[in-house]
Amino acid sequence: MARTGITLVALTAIAATGATEARAEVLVLYGDLHGGGMYGKGLSGDQKETAFFQNAPAGMYGARVAARFLFLGAAIQHHQYTNGSQVSTWTQFSAGLDFQVGLGTDKQKKERKGTFFELGANLGFGVGTGQQVMPPLSNDEITDKAFLLEGRLGYGKHLNKLFDVGITVPVSWGYFFKNGVDASANDVSTHYRGLQVEGLLFLRANIRLL
């Protein structure tokens with residue numbers, strides 16, 4: 001708990017610095033299109049060998065829409081995992097710390113040019129399907145649900161005042177539940193813990209609201 005507290009204090013301090021450097025970027029709405037690869041592993045529980053991310057294809061693409069107020073953020077993302085023949089999907093809602101620090105000169109930061117570093121720490125809830133589905137998603141199409149702790153590291157470049165490109169690495173740990181006709185949330189035999197790591201290239205559009 002002490003280490004967690006120290007980490008949160010450090011993240012808040014860095015975030016405050018990032019918010020100061022960002023100057024006028026008080027409230028930003030942004031969206032990512034991204035693609036890359038994923039590694040997943042079931043860690044414990046009766047269902048660890050059937051863990052969603054352990055059995056989903058490693059290739060992935062998707063989109064993420066987020067809002068950042070100073071250094072607080074919230075996001076909705078949808079990912080498709082595929083190997084060309086099999087498709088699994090994951091939709092996630094999250095909120096927590098989200099900040100960006102410019103690495104260029106003061107002039108570049110003011111003009112929104114140069115490179116940047118970003119870091120996030122989120123709590124989230126997600127649902128997965130073992131096959132391609134068409135919206136709206138119904139509960140009987142969901143194979144897995146999870147509460148997650150996620151950390152994100154990223155590095156990118158401002159192309160102009162609207163668009164960025166870069167790379168981001170989300171790492172998450174989750175407490176998962178198998179979902180289905182015979183699955184019950186109170187039945188611990190349907191529960192498992194899992195880990196997921198992604199490496200993503202992104203193209204981002206930014207709308208500065210304040």
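**Salt bridges in a predicted model**

E118 forms a salt bridge with R204, and the closest N and O atoms of the two side chains lie 2.8 Å apart. This pair joins distant parts of the chain, since E118 sits in strand β5 (residues 115-129) and R204 in strand β8 (residues 191-208), 86 residues apart. A salt bridge here is a side-chain nitrogen of Lys or Arg within 4 Å of a carboxyl oxygen of Asp or Glu, while strands (E, at least two residues) are DSSP runs numbered from the N terminus. The model is a predicted one, in which local features need pLDDT of at least 70 and side-chain atom pairs count only at pLDDT 80 or more, whereas totals for chains, interfaces and linings use all residues. Residues are numbered from 1 along each chain as its sequence is written, and side-chain values use heavy atoms, with hydrogens and water left out.

Buried means under 20% relative accessible area, exposed means over 50%, and partly exposed lies in between (1.4 Å probe, protein chains only).

The structure holds eight salt bridges. Another of them pairs E150 with R152, whose closest N and O atoms are 3.5 Å apart, and both E150 and R152 are buried. E111 and K113 also form a salt bridge, with 3.4 Å between the closest N and O atoms; here E111 is partly exposed, at a relative accessible area of 31%, and K113 is partly exposed as well, at 46%. Finally, salt bridges link E25, R112 and D164 in a network.

Terms used
Helix = DSSP H or I, 4+ residues; strand = E, 2+ residues; numbered from the N terminus.
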